Amino acid sequence: MADSAEFIIETEHLSRRFGELLAVNDLSLSVRRGEIFGVLGPNGAGKSTTIRMLCGILDPTSGRGSVIGFDIAKQAEQIKQRIGYMTQRFSLYEDLTVSENLGFYAGIYGVPWRTRRARVAQVMELSGLTARSKQLAGTLSGGWKQRVALASATIHQPPLLFLDEPTAGVDPVSRREFWEQIHRLSAEGTTVLLTTHYMDEAERCHRLSFIFHGELLDVGTPDQIVERRNLSVAELEVDRATEAAVLLRARPEVDEVAHYGHLLRLATHDGTDAKTLAESLLLSAKFSVSQARSTRATVEDAFVSMVRSEHQNREQEGRT
Amino acid sequence: MNTRTWVIAHKELLQLRRDRLTLAMMIVLPLLQLLLFGYAINTDVRHIPSVVYDQDRSAQSRDLARSLEATGFYDFVGSVNDYDDIQRALRGNRARVALVIPPGYASNLARGKPAQAQLVVDGSDPQTVASATNTAASLVALRSTEILLQRLQLSGNGFPGQPITLEPDTWYNPELRTAVYVVPGLVGVILTMTMVMLTSMAIARERERGTLEQLIVSPVRSVELVVGKILPFVVIGYVQMTLIFLAGRIVFDVPIRGALLLLYALAFLFIAANLALGLFFSTLAKTQQQAMQMSFFFLLPNILLSGFMFPWEAMPRPAQLLSQGLPLTHFLRIVRIITLKDGNFADVRVEVVWLSAILAALILLASLRFSKKLG
């Protein structure tokens, strides 16, 4: 294995099979100490399965991995003591109060009895939960539940934190506050690995990975990932936008045409300039383009483009 | 005991304290069942409604009817005048027994000839038939002996009394009260019900709400999780047991004779066996509802086969063999031997061996299924 001081998570050819389904296929990735590492992928891509294997609660079918220097298959118990994990559904005890929930997890993770109360108070203070310490977790709204869940997962100050879709179903303001907490933890030296469907969140990660059908498609900083797709993006204001979209989509070099209010957003690959293509195509088809401007490609553009081209590859493989 | 076990037990207690309904059920249910079973299960049939079809209409025939009524087993609710009336009375459940005294009963008796009487019994309820015919048969047998003895004495060459006498002497429950038999057994039935159900649901609830996954990724070991979760229920089991004994004492005057310390110590084996079983169920159930259904499904054979309701000796061989695998069967014997007969450890040691073996098997089964890995 490479320099273990640099990488807190390392996997080599990790695979997991559930009967016929290959949920994770030959996954090799490394996560640096202290970074916020995002895992992106459509539903069912194998993100949760990967996290479960890294936490040591699911054995890989083949391949190997190490987390904080421990083998995920053989030293699961050592890993469990040193990580924090927040499941998709913020699994709190709804019939316990906020402070009881935190106290319980503090006890489970071996925070000594003498310092437990102080640690719970400290975490509540940091997460802004002090005023709600006596409230039953079941009566909290989604955003507050998520805060308690994050506080529970970090009560023992783990060096590595796994978050499985931590912001699903949470309002934008709460999400923003949540990300403040994530960056605070990261600044304190905690490594965070999280899965998400929100592209704005993906751009807040230090590094990203794309997983599709259990396979790793790309890893890098958000900028690197966008750059590697080599996309050209344009925003157009055009009459009969729906018909224009149909026309544009028919072209092979077009990755994506999406409606944004009155605007159409067009992404192309293979070095084709989106704005030039759109103007020449639409004008020759007698559309009136009132406005067209080139714009920066985003992680979302890259993600959609990657999933589209993978789909096409698979379909072609299926035909041949 | 380790800290994490206590942390989990403490959490269970906190949750239990908030769940007032379950808490109330755990106290009220045993008492309700006690009253229900204590009053309703009564296998000694008395005051059977009966009719008389007296064709003889003599002093002797009336005397026979009166002496039957005097046993307390028959209540004569009326006289009828033919067999059709008898049929109507039995069919409409107005009577279960009909005494038919044919004409010539008194005159046959007087002439020293065999006199006949008939007892028509509603056989749709076998328990009643047994009580009704046995009582009447022994009464008539007694009467006949008396008459025979009188005649022998009159003829001058008789015995001074009956040739053989049998003096029945019932120990441990001289009045043959059902409650004395049922109440100690009820301790076992209620513990089976609540212990299996509570544990299986407690784990299924964590699975249902997703908190189990959160615990599985934590450093908690299976043993700590299991022991911590069931510890509070062991305490509840003992509370229920004490409650039933006390209420049985007060309401039904059920005596508790034996070594209570021994009983409480052995009850631990039984409670632990039920908790292990509940745990096993929880590994099969995905939801609390499934766990509850499994617990109820398990309760039925326990009530039927353990010897709680029906005598174990009367069961067919396969049922007896099956019932040996139920913890309740052995605990019932232990609890009855100790509380009713003041038995000591030597008297129950076979049952203790059985119970320990079942417990070991259940723990093995539950821990094999209860793995901390998800896949």
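This is a predicted model: local features need pLDDT of at least 70, side-chain atom pairs count only at pLDDT 80 or more; totals for chains, interfaces and linings use all residues.
**Notes on the A/B model**

1. Residues are numbered from 1 along each chain as its sequence is written, and chains are lettered from A in the order in which they are written.

2. A:Val254 sits in strand β13 (residues 254–260) of chain A; strands are DSSP E runs of at least two residues and helices H or I runs of at least four, numbered from the N terminus. Setting aside neighbours within four places in sequence, A:Val254 is in contact with A:Leu248, A:Arg249, A:Leu266 and A:Thr268 (contact: C-beta atoms, placed from the backbone, within 7 Å).

3. On to the sheet. Chain A has an open, mixed sheet of 6 strands, ordered β7-β8-β9-β4-β10-β11 (strands pair if DSSP finds at least two bridges between them). Its edge strands are β7 (83–86) and β11 (215–220) of chain A, each pairing on one side only.

4. β7(A) runs parallel to its partner β8 (residues 160–164) of chain A, over 4 bridges. A:Gly84 stands opposite A:Leu161 in β8(A).

5. Last, the contact between chains: 21 residues come from chain A and 21 residues from chain B. On the chain A side, α3(A) gives the largest share, 4 residues.

Terms used. Two residues are in contact if their C-beta atoms, placed from the backbone, lie within 7 Å.
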